[in-house]
Structure formats: C-alpha cells, structure tokens
Amino acid sequence: MAVVSHYSQMITLNMGGQRQRRQVTEAADFLGQIFGNGLTDLPNRDVQWTLWKQMQTQSAPESLLAEICLRCFISYQIDQACAQLADQFGHNHGFTQLDLLPYVLSDDGRFYRKSSTQTPNVSLATDILNTIDLERAGLGHWVTQRVKQHSDLNQFLLEQGVYRVSDWAILNDTSGQQLRRILTEFHTLSQMEIETNAYLLTAYHQVYRSDRLKLKKRQGRLCSPPSTDQLQRMVAFMERKTLSRASASLVYQSNTLNNPVNVMKSLRQLADYLRQYRIYARGGRTDNVSLNTPEGQVSVGDKTAELPPDEDAADTFLAQYRVQLKICLDQAIAEVVGDRISQLQKSKKGNADQFVQGLHLFHCCGMSMGEIAKPLKLKAQYQVTRLLKLKEIRADVRRAVLAKLCASVEKLASSYVDIAQLQQMDSALEEQVNAVIQEAVDETSGTRHHPLKSLFARRLCDYLKSISTA
Amino acid sequence: MMFSPSNPGPSDRQDWTVLPLDTVTLSNADIENAVQVSQAISKPDRQWQIYRHALALSGFKQWLRSRSPRFPLHAETCSLYQPAIASLVESVCQLSVNNMKVCLLALGCLDDPILSIPRAVLDLSDYAAQIYILVDVLEEHQQVQVVGYGTHSQLMSQIIERNPTSWTYDIAKATFTTDVDSLLLILERLDPNSVPLPQAVGVETNAIAILSQRLNQLWPRLRDPEFPLEDVLSWQEAAIILQCVEQQNWLYQLQMGREPLPLRPVFEDKYQSSAQNIESIAAQPLAPSIVNAGQWLQNQLGQIAQDLEWVLMPSLSLGFRGLRSASLVDNFETVVASLNADGIAISPHAQGAYKDIVQNELTLRLYAIIWPLDKNEWVLLLILGTTPGTPAPMGMRLTVYDQSQCLADRQLSATSSDGYLYAQVVGDRQECFWVVIDNGSGHPIALAPFSFDD
C-alpha cells in the first residue's frame, strides 16, 4: 500500500553533501485533492498510474504537481536503493549511503517547466519519468533498475570491489547456442519466441560487439545501452536477413522488431531472462565473502592429507628434513615476497612500499587489516586485503617450500609421473608445511596487538627487516 | 524448475557481485592489444571470441607472473596468433607453460555452468592440451580471474552429450578443479610426458579431396561474414580443415575477402569414377585449373579442358549440321529448339563443348555454350541432361555461382516434362563461373570454373 510521505517528501542532498528530507506542501495538498484520505488504501501501482495520467495532461498546475509527487517517490526509491547497497556491501568495502547518493540523487527538488530550455541538465528523476513504461512495471522497479544501471555509480562501486554485470555485457557474452538452451530448458519459451530471440541476439552481436571493438576511447569501459543509431542498424540487419531467409521472415512477421524502441525493449527482456539464469546458475550464491577474516579462509590446510602408502618411508624422510624446513622457508619467503615487491615496483601503481609496509604492520606489529588501511592511506579493509593477498602469498610460499624440500631429496627430486602420485607425495610434506602455514593463519584470526609469533610471521619479519636495512 | 522467473525478489541483491581478491586488472594497453589481435580475421562473431581469448591470455600471463614468475611461458606460437586457426577454434591452444601443453578457455559473465568446449582442442592431437585452464573474463570491468583447471582425460570422461556434427562438446563447469593453487603445483611439478594426449590420426586423401570439392562449391556462403561457419560446415569437415594447412589458408583468405583460387579443381569427378586414381590425384600439386572457354571460339579446346575430358563441339554456326553423331545432334537439337521456344536464343557465333560425368553408374551430360556479348561481356549457357536414351534422374540439379553468390539453381521436379536443366549467365571478362551438378543423389560435384579469355 502507498505511503503519503513517499509522494510528498523530497529527499535531496544539501550543499554540504548531507541528506535531507523536505516536505513539499504543494505535493501533499495535491495528493489530498486527488485521493482524499484514500491514498493509503491504494497499491502504489494505482497511485502512480493516476499521477502519471495527470502528468500527461496539458493543464499546467496539475501536470507539474503530479510530476513533483512522482519525483518525490523517485527520490525515496533512490534513497532506498542506495541504503540497501550500503547495507549489503558498505562495511566491508568502505563506503556509505552518502558516498553513493551524489551519483544518482540529482533532482534539485525545484519546480520547473518540462521541456523548457532553461531546464538544467536532466536529472535522473526526469529521465526516468521520460522513459518509463508503467504498463510493464511499477515506478519503484524502474527506479531500482536505473540506479543499478547508472554508469558512474557502477564505476565507483567497481573501485570498491563490487560490480554488477550490465545487460549489454551479458548479451555480449551469450552465444546463440547458449541462448537456445537457456530459453528452452530454463524459461521453457515457445519455439517461436526462442527463434525470435536468437535472431535478435545475432543482430545485436553484429552491431554492438563490432562497435565495441572499434571503440577508440578506452576509459570507462562499462557497456552503455545501445544508441538509437545502433538499434536502427540492428533493425536494418534483421530486415536484410529477412529477405534472404524464409524461416527468418516467418519470425520477423510475427513480431514487432521493426523499430528501435521495440528492439530496445526486447533486448532488455532478453538480458533479463539471461540474468535470471545467471543468478540461478550461481546457485543463489550471495558472494558475500566475509572479509572480516579473509586471512582465515585459507585453503592450504583444508586437504585431508592422505599419507602415502609407504608411511614409514615418508616419516623417515620428514624427520630427516625437518631441519631443512626453516632454511627452505626462508628461501621461499625471500623468493615469493621478493618477486612481488619487484613486480609492484615495475607496475604503474608503484605501490611496492605500501605493500612492504602493510606486510610489516600486519605481521610485525600485529595490526588488523582494518587498522592497516589508515596508515596505508587506503579506504577500507578490502583494499588492504587486495593489496597484500596474504592467502596467495602463503599458498605460494607453501608451494615453494615444498619444491625446495623435495629438491633436496634425491628420491623425490625426479618429477612425478601422475597427478595422483604427485598429490599423494605432496600431502606427506604438506602436513609439515601446513603446520607452519596454519600456525600463521590461526594466529591472525583473533585480536592482538603484539608482533605475531608464528614461524612464518617471524621469518617474514626477519626478511622484511633485512630488505629495509639492505 | 525450482526457479520462478516471475519472482525477482532475491535477484536484486544477487545482482551485485564482490570482485574476487585474486582477479587481475587488465590495462588499457591489454585491451587495445586484444582488439588488434581480433582484427586479423573478418567475421564479427569470431573477432569477438578472439578478442575475449586474447584478454584471457593477457590476464593469465599476468596471474602466472605474479604467482610463479619463473615458469617459462611460450605464447608466441599459440593459436591466437595464427588467424587461420584462431578463426576456427574458440580457445587459446598450442600454449606452453613449463613444457606443459596448456589450453585456455575464456568464460563470460553469464556464469553458465555448462561449457561448450571446441572439439578441436580435445579430439585433434595438434590442438589438444594436457591441462585446460578456465579463465573468467569480465570484459566490461577489465578483470580476469583464473578459476579452474582440468586434464584432458578428466574432460573427455565428462562430456555431457555428443552431437556428432556440432563443433563443440558440452562439459559441466563442475568437472574442473577450482583450487588454482594446486594448478600451479601441477604446472611446476608434473612430468609432461605422463599426461596422455590423443594420438595423431592422419586424414585420408580421399576425404581431403571430397572436402575440397565441397569448399569450392560452398564458397559464397563461407565468405559471407554474417554466416556462421558452423551452419555451413559439419565438425567432420572442420576437423579436416584444421589438419590441412592448404584448406585452412584457403578458408582464411576467403574470409578475408581475398578470393583465393578454387581448391584442387583438377580433381573434378575423377575420384567418383575410379577410386584407385585418388592417391595419384591427391599427390598432384594443388595448381588451380580454370577452363578458359574463350579459346573455344578459336576452335581450340585448351589443355585444361582436354585434361578434364571436355569435348569440343563442331562450330554451332553451321546450324549443327557439322555434328556427325546422330544421337548427339538429336539430343542437342531438341533441347536448343525448346530453348528457342522459351526465348533463349543462341548466338550464331556461339561455340560449345560437352562432357559426360559418370556418378553411381549414371551418366550426365553437361553442355557449355559460350559466346561474346559485346566487348566486355560474355554469355555462358549450360545445359544439363543425360546421354541419349537415358531418362533424366529425379532431383537432378544444376547450380551456377559467381565470385560472391549463387546465380542459378535449377532442379528437376516430378512435374517437369523436360529431360534437361539449363542456366544462362552473363559475366565480364574478368569473371569466373563455378558450376555444381548433382544427379539427384545428394552428392554434388563441383567442376573446374569457366573463364573467358579470348
């Protein structure tokens, strides 16, 4: 059911970037005029439909008043969408609702005449009102869609490590073969609908993908919706193909893919089908990887180590080379961390110092990932985790240690002859090496404010010290 | 189906995805480089696939460098940089990492749990790999992630369905191991000789010959950039092409709009009549043969036409009186009379030749009549019938192509009272015409093309 305030209060950002809610008296009065006290008994769809009709009339005050009511609702919905995003990802990825709102909450809340030349840059709200189709879905749906598709907002979120695949990228990456399978088996569409969509996808690929390869400007690579020109060319492609294929002409006659507006609608619909499949295929995974203990989710210790058949031999080997372990660990740390530093030095970002400092703060000062962000001038824990990639470092160190240990034993120095054997032998050593790594992992999952004590951490700190004094 | 598309509730939240920590960010230079690699071929749908795989390779290289900088990686000679192959195989194969044969398969943002993997990289020894690596390519976000791997035998045992003509195998993504740390271990430590690969099986020369005929015949469609190759050629045909450099290059040249000369036209219908000839014919150099019909005007058949068993007809200006063989005259005169009735007039300056084509104990006779129209143009009239006394087979077909399209396609139907088919085409002096005939058996034969150079 509708809520009066959603249609009579405008949420805007003030000069200081603060979110504010303002009662629009004219809107509240107008709602009273139209609905009396009955608005709260109506579904949103009906309220929106009535206001939308009013907005289309030529009578000036009513049209403007209906529009402002709808703009109030849009501001409410944008606010909600941003709040939801912040709620879902903000904590781990270092942003709040207030970081998101400036991209999309662009309505200044003032009255102005539609189609006036004095109209400033069209706000998202006005743009939404110009393009929605209330027959297909309610206003709330359209607003949420547009927020999700907003290019600058997407760019910002990507930098924070959150992304949304656009409709256009999904269509780019779907083959005709996949489309047929998905629409048949998952959506159980009719043969005619499937052929129409396959046909549409071919036209889209011919135009949109080719254009994308020709794109000169490489900045901001997010896919934008096809332009009218592109849609026109898709129509032309389909018309041309109709002439040459009898089966296609059947399809063509049966639908209305003969103008850009309809092609656009059908493309969105198709992308939506595919997106639903994508979400289903991902198994409803929330992908909400807990970043609070990213270093806790290490795969190094999770293989249930099956001892090789020759258990005694393995034991002897391990006993003999336990001493070697430390030497190998030092070498492995120097190799793995050293390689990373030299790569970061070469990269454009030039964040090698940041990396070394981060490792130092984490291992030698016992700071948490979240705490490290500030001294490293990073926004959130996510960026620190991405910079240090501790899970990978440990896995690579482990692998390097294993290689070095094996190399020192003639028996194991030769290459393995199959994957099973390799994994078996690996697991014998793994136990030892894992113990080292696991110790490092375990100690980082709790709170601490002292240097880490694990062998891995101590050796790493020694190494970091050695390179800083070198 | 458990999922109800009408309920978009949970999808809103799942619309957003956290970027995994181990993704590699592609630079603008990587993107530009991938675009450049894709431009080596002309079919738009293939360009896109090559582009995505070039991105996968860039990302993979970067990932490998960051995880194991000492692994030697040799990508210079991989399939991506051989456009004739890249345009046929959707993957990065013939890649070597630490002496292990590796194949990269680029995944898209659809996250489809069913993968379509080119049969080439699993069935053909030249393209097969020991380790297949899945690479997620988020083209729009410039992110690449190595997400899994599998061995040749693992993949082969998990093929979901085998559609014999499809160019791809369907394999569940779940077949692949997702622990990429263990992939590094395998690349580093596994003895490459211990991972078996499919044995090389030679291609029969006979099969090559038949395929070449078909390529010559199909070439207008093969060249159409909007026509997917998979719709024209079966996997069996593609497999032969992938194993024959000549055919590969021919197809590539054709797709690049360079109009290569027809493949092995010297073959013609000989292979049909005498099987023992195949070896010797296949061994011949692949010099293109074009029948120069212009020479006929000087009463010369020409060497190539002679080799292909064309028989020059006596001058038509004598009103066929020169034709000594009664049966030949009967047959041909009847046809010409009925063509005249249809409004097809043969120039008094015309000259012609005919040849008999034996296929499945059935002999067809093709007459080719030519005459100059003016300074620049010439006419080719083709009449396909049978030898005298033999009824024309149902479904008999005559097709004529020029460089870019099918000009005429005639077929004998049950309702047709004529015992012959004809087609008349006009071309300029630089043009060639390709003729394909079929005796109704569904095994068309492409003839060496006709040119006019007097």
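Chain B works out at 15 helices and 20 strands, where helices (H or I, at least four residues) and strands (E, at least two) are DSSP runs numbered from the N terminus. This is a predicted model, in which local features need pLDDT of at least 70 and side-chain atom pairs count only at pLDDT 80 or more, while totals for chains, interfaces and linings use all residues. Residues are numbered from 1 along each chain as its sequence is written, and chains are lettered from A and ligands numbered from 1 in the order in which they are written.

Of the 454 residues in chain B, 42% are buried, that is, with 20 or more other C-beta atoms within 10 Å of their own, the C-beta atoms being placed from the backbone (12 or fewer is exposed, in between is partly exposed). Taking contacts as residue pairs with C-beta atoms, placed from the backbone, within 7 Å, 64% of those in chain B with a separation of 6 or more link residues 24 or more positions apart.

As for confidence, the average pLDDT (the predictor's confidence in each residue, from 0 to 100) of chain B is 81, and 86% of the residues score at least 70. Where pLDDT is low, the predicted coordinates should not be read in detail. For the complex, the predictor gives an ipTM of 0.71 and a pTM of 0.68.

Now to the interface: 52 residues from chain B meet 59 residues from chain A. Elements of chain B that each supply at least two residues include helix H2 (28-38), helix H3 (44-67) and helix H7 (180-189). H3(B) makes the largest share of this side, with 8 residues. Strand S3 (residues 162-164) of chain A runs antiparallel to S1(B), joined by 3 bridges; strands pair if DSSP finds at least two bridges between them.

Within chain A, strands S1 (residues 9-13) and S2 (residues 19-23) run antiparallel with 5 bridges, A:Ile11 being partnered by A:Arg21. Their hairpin has 5 residues between the strands, and A:Gly17 there takes a positive phi near 80°. Helix H18 (residues 381-388) of chain A is mostly covered, with 7 of its 8 residues buried, among them A:Tyr382, A:Val384 and A:Leu387. After H18(A) comes A:Lys389, with a positive phi near 45°.

Note on methods: Contact = placed C-beta atoms within 7 Å.
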